[in-house]
Amino acid sequence: MKCPKCGHDVRDSERFCPVDQYDCGFPNVRAAQKHEEIRALEERFQRAQEFAAGQGCSAVLNLFQDAVQSSQAVICRSLSIVKNFVSSDNELYASFYQLVGMEARRPEDTSTEYRRLVADVLLFPYYFEQIRFAALTLDGRGATGWGDCSMALREAPIRDRATVFEENSLYFSERMDLGVNRPVPPGYRATWDRREKLAAAKLASFLRPDMTPAEFPQVILRPAATPRGEDFIEVHVYGPLHRLNVERVATRKPKKHDRAMIKELGRILGQVGAALEIY
Amino acid sequence: MKAIISGQAGAAVLIDEANISAVRYDSPERTPCTRGEIPYLLADATDVLEIDVATPDEAMAALNLAWHQDRCLHLILILLDGEADDEARRLAAESLEDLLAEPKVVEFVFDRLHATPLPTQSNLVGALLLAESARAQRLLGFLEKLGTDQPEITHLRQRWDLLPPELFGNPAAKQQFGRVAVLAGAFRRLAQAEPALRNNVLVSCLSDPNFRRLPNFQQILLAWAEPVRITPDLPALELEGEHDGAAGSREHDGSRWARRSASIFDNITRQKEAIRRLISEGDLRRCRRFIDDLVRYQGERSTSSELAMSLCDLAMHAKKVGAHGFQLELARRAVDILPTDGWALAQLGDACLRLGQYPEALASYETAAQFGQEEVARNGRAEVLKAQGQFPEALEEYERTIQAFPENVFARNGRAEVLKAQGRLPEALEEYERTIQAFPSDVFARTGRAEVLKAQGRLPEALEEYERTIQAFPSDVVARSGRAEVLKAQGRLPEALEEYERTIQASPSDVVARNGRAEVLKAQGRLPEALEEYERTIQASPSDVVARNGRAEVLKAQGRLPEALEEYERTIQAFPSDVFARTGRAEVLKAQGRLPEALKEYERTIQAFPENVVARSGRAEVLKAQGRLPEALEEYKRAIQAFLSDVFARSGRAEVLKAQARLPEALEEYERTIQAFPENVVARSGRAEVLKAQGRLPEALEEYDRIMQQFPYDLVASTGKAAIFVILGRYEQALDLLPVGLPATRDDWIGFHIRGMIHLKKGDVSDAIQLFERGVRECPWHTQTYYFRTALGAARLRQEEYREAIEAIQHDETPVCEVLRIHAFGAIGDRPRAKTALQRVEAHQMPVVIELREELARRYSLREPGVPRHSEEWITDRECDLLLAA
C-alpha cells in the first residue's frame, strides 16, 4: 500500500510508514480489508444466505448474525497462567514469578519443530510475533482444550486491531494443504466488525429452523473430547494484551489446591472491573 | 521418548518417534495431537522443559512435580501478599502444608524466594500467624527459615546488583546468568550456608555444568561470592549437615536459638517498616491488617512493654506524617495493651493534643506522670495549656518543670515558645539564648531563636542564626527550611527557591521543604509549577494536610474558586481538626461573595479554635466586606489585644479605618505596624494606599518604589503604583507595570481593571465599557467585580447614560457608589434620591470624595441654589481618580 500521508510504499507486514512513521493501520486488519477478501467473503455469505433460505433457516440465520455481533474474543489458558497474567502489577509476582521465574523457556525454545510456523508465515508474513490468538465465543467459554480458564476480552480495546479467521489457522493450513505455491485463499477472514458475515458463511449449514439462540454458543464454538475436534472461529489480535483487556474469566469449580488461587483471582479481577464465573 | 512439560500449563506432550500425544496434569489419559498443536497447548508458559523419559508414567511423574512446584510458588506468594484476601490466604496455608511434603517442591520454591528480599508489600508475620493457626508445621518451618534468611538474601542480592554488566558482556547476559544462578539454587545455597561451608557451595557452583557453559563464569562467581570465602587458618570445613556431638549440638542449638531470636526481631522490624510505609501512603485499611498481625505475632513472642513500644514507635511515625487520627488510634492501642505504660500514656496525651482533645490529653498526661513519666507529662501538660491559649498557666508549668528538671531542654524551649506566642518576643529570645548557652548542641533552641528574630522583623539576624545552625548541623532540615522562609520574607525568592531545592535534594521525602518550594513558586506567580509541586507531595504523602491546603490556595490564586472550595472541603472531612482548611474555606466563600456562609465558617472556627487569630481577622474581614465596619473594627480590636504580635490584625484594623475614611488614624496604625514589623510588606502597601487616598501621591509613589525594590515580585505594589500613574496621566508608565495576557489571578484582574481605567481616562469609553463588562461577567473574585461595576457606572456616566449607570451600581452601597449616584440622579433630575446619596457621604473625609460631593451639590443645587465651578469633563475625570484612589 501507499502511505496515506506521504505516499511512500508500505509493506503488508508494516504498521508504520518507514519514512514518516505514519500509522497505516494494523497489518492483519489491512489484510482483511483487501478488496478481494471482502468480495470473496461476500460471495460466500450470499451463498450461505441462499442455503439458509432453502432450508427454511433465514430467520434463524438472522438471529444468529445478531448474536454474533455481540460475540467476544476468548483466550483459554491454565489457571496458573491466567493468575500470573492478571497479577502483572503485583510486586511479589514481579519479584519472584515473572522476573525470576521467567526462565524464558517457551515452547519455541525446545528443539521440536512446529508445523504451525507454515500457517503463521502465510497468514502473518513477518509479523506473526505480534499476533495473539483467541476464539470467538457467545457465552464466555472458549476452547478449554487449551486451558481450563476462559478469559473473555473487552471489545473496545481490541475492536480496531482484531480480525477473525475461518477456523484454527493451523488446521486450516493443513486441511487446505497451504504452502509456498498455495497461498491462503480469499474469503476466509474478516475485520472485527464484519465477523457476523464470516460466521454466517461458515456456519449456516449447522443451523436448523427450530434452533433457538440458546444453542448458538455451541454452533460457533463446537467443543469436543480432543483439541483436534474443537472447531471455532479464530480471532487474531494485533499487539500485546493487558490485564485490563479482560472482561470476565470463566472456570470450572476448583479442586483443593486451586481454591486459594481462584479466590484470589476473583479479588484481583474485581479490582480491574472484571468478573469471575465458576461453573 | 521425549517429553515437553510445563507445570504452568499443567500439560505435557509425549513424543515417541511417530506418535505424539498430550496429557494433562489432572487426567492421565493420553490424547493424540500434532506438532503444530504444541504451541497451543503450552501457549504463554515460560517453564517449558524438554526431558528424555523411558515411559509415559515417568513423564506423568515429571508433570505432576512441575505442577506442584508451580502451584506451591503461587500459593506462597498469595500467603505472603499483604493485599490478598484473608480467606484465600487461609486456603493457601492449608494447601501448602500438603505441597511442602515433597522436598523437590520445597527446593524449587526456596530457590526462587532466595533470589531477592521480600518486597515491602509482603506480610511475613501474617503468613506465620496463618501457618500457626492452621497447625501447618512444615509451612511454619518454611516461613521461619525464609524470614531468618532475609538478611543474607538482601546481602547477596545487593552484591549481585553491584556486579557490572561488563563482567558478563552485556546486561542481557547478566540477566541470563542470574536466571541460571536462581535455578541452580546458588542464591539459596549461599544464603543458607553456614559461613564455614560457603566455600563448598562456591566450589559446587564452579563445577556445575549450567554455569560452566556461560562465559566468564569463574570470575563472576568469585566476584559475587567473594566476601563469604573463609581465610586459610580456620579449621577444616565441615560437610553440610554434620556436627560433632553434644558440645557441637549445644553450640549449634545456641546459635540456632540466637538466629531464631534475630529472625523474630527481623520479622517484627520488617513488619513495622511496611506499616510505616502504609501510614505514609495513607493506606490505613491495609495498615490496620498489618498492625493486627504485628500485635498477634509480637504479642506471643515478646513482652507487653515491647509490643506497646512498637505501637508507640508507629504512633510517632503517624504524627510525623500528620496522620494524627491514626496516631491516636495506635497510642490508644498501646495503652490498651499496657495501661500502666507511662510512655504509651504520654503518647496518647500527645495524640489527643494534636487533635485538639485537650481534656483527654491532660488526663493522659496526668496518668503518665503517675506511671513514671513525670518529665514528659509535665511538658505535655504545658503544651496542652499553650494550645488552649492559657499562656500564663503554660508558662508556669514549664517554669516548674525547669526548676524540677533543669536539664530538660524541651521545657526551656517550650517556655520560649509560650513567650513568643504571648508576643513577649524579647523574653522569648532571652530564653532561647540561655538555652543555647547551656545546651549548645540543641538545634531546636537555635532554630527557635531564629524564628523569634524573624517574628520581630529582624530578618538579617534571623538569617544569620539559621546559617550558623546549618553550619553546625548541616543535615538539619528545619534550619534549612527556616533559612528559605526568611529569604522569602525578605523577597529574595530565587535564593529561597534554591535553598528549598537543595534541601529537597538532600532529603527528597521532606514535605516541609517541598511545601516551602511550592509556596515560593506561588509567590513568584509560577502557579502551575506550584500546583504541580503540591500535587506531587499529596501523592507521595496523602496525609500531609499542609500540601492539601497549599493546593487549595494555589487553585484560589488561579481563580479556580469552586475547585479550591472542593479541596478545602475534602481536607476538612479528612482532617476535621485542621484549622487552616476551615479558614481557607471561609476565605474562598468570601472570595465568591458568599459572605453569610463565610461568616458562619469563621464563627464555627473561632468557637472550635478560640486561640486562632486568623479566624478572628477573617471574621473581621467578612464583616468589613458586608459593610459592617464598626463590628469589623471591634473584632480587630479584640484580636490585637489577644494576639499582640499578630501583624495582620493590625493591618486589618488600619484597612477598616481607611474604609471608614478615617484616613489619619489608618495611616497611624500602619506606621505603628511598620515600626514593629519593618519587613512586613502588607503594612507598607497599606500605608501607600492610604497616602494615595489622601491625595499624597508623591509620598505614595515613594513608598511603592521602596517596596518594589525590596520585594520585586509584589504585585500589589506594582498595580498600586500603576494606579497612581493613571491618576497622574502617565499612562505608558502605568501600562509597563501591569500584567499582560488574559487575566487569571486576582492581581491579573486588578491590572485588567486599571487598563480599563486608562481607556476611560483617555476617552476611549467604548473600549473601557467592553473591558468592564467582561470583568463583571468573568472575574471570579467577588471583591474585584465590585470595582468593575463601579467603573462601569463611571463609564456610563461619561456617556451620559445615567439610568444605565444607576443600574450598574444598584446593589453597592459604598461611598464611591454614593458619589456616582449623586451625579446620576442629579443629572436625571431625581433630586430626592440625589440628596439621599449626598447625605450618606456628607461626613466623608477623603479629599476626592469631598471635592466631588461639593461640586455635584453645587451643580444640581442639592443644598441651596449653586453654580458649578468645574466642567462635566472635570467631574468624570475626578470620578476616575476616585475609583483609582479608593
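A salt bridge here is a side-chain nitrogen of Lys or Arg within 4 Å of a carboxyl oxygen of Asp or Glu.

Before moving on, a word on what is on your screen. This is a predicted model, in which local features need pLDDT of at least 70 and side-chain atom pairs count only at pLDDT 80 or more, while totals for chains, interfaces and linings use all residues. Residues are numbered from 1 along each chain as its sequence is written, chains are lettered from A and ligands numbered from 1 in the order in which they are written, and side-chain values use heavy atoms, with hydrogens and water left out.

**Stop 1: the interface**

Now widen the selection to the interface of chain A and chain B, where the rule finds five salt bridges. Between the two chains, 16 residue pairs are in polar contact, both residues being at pLDDT 80 or more. A polar contact is a pair of N or O atoms within 3.5 Å; within protein, one must be able to donate a hydrogen and the other to accept it, and residues adjacent in sequence count only if both atoms are side-chain atoms.

The largest share, seven residues, comes from H10(A). Helices (H or I, at least four residues) and strands (E, at least two) are DSSP runs, numbered from the N terminus.

Taking contact as heavy atoms within 4.5 Å, 54 residues of chain A are in contact with 59 residues of chain B. The area buried between the chains is about 5100 Å², of which carbon and sulfur atoms give 59%. Buried area is the accessible area (1.4 Å probe) that two parts lose on being put together, summed over both.

**Stop 2: chain A**

Of its 279 residues, 54% count as buried, meaning under 20% relative accessible area, with exposed being over 50% and partly exposed in between (1.4 Å probe, protein chains only).

Select Tyr126(A), in the loop between helix H6 (116–123) and strand E2 (131–137). Is Tyr126(A) buried or exposed? Tyr126(A) is exposed, with a relative accessible area of 82%.

Next, pick Cys76(A), which is buried at a relative accessible area of 5%. Its closest cysteine sulfur is in Cys149(A), 8.4 Å away, so the two are too far apart for a bond. With a disulfide taken as a pair of cysteine sulfur atoms within 2.5 Å, the count over all chains is zero. Cys57(A) is also worth a click: Cys57(A) counts as buried, at 0% relative accessibility.

**Stop 3: chain B**

Switch to chain B, with 47 helices and five strands. Of its 886 residues, 55% count as buried.

Finish at Glu855(B), in helix H46 (residues 847–859). Glu855(B) is buried, with a relative accessible area of 0%. What surrounds Glu855(B), leaving aside its neighbours within four places in sequence? Show Pro868(B), Arg869(B), His870(B), Trp874(B) and Ile875(B), which are in contact with Glu855(B).
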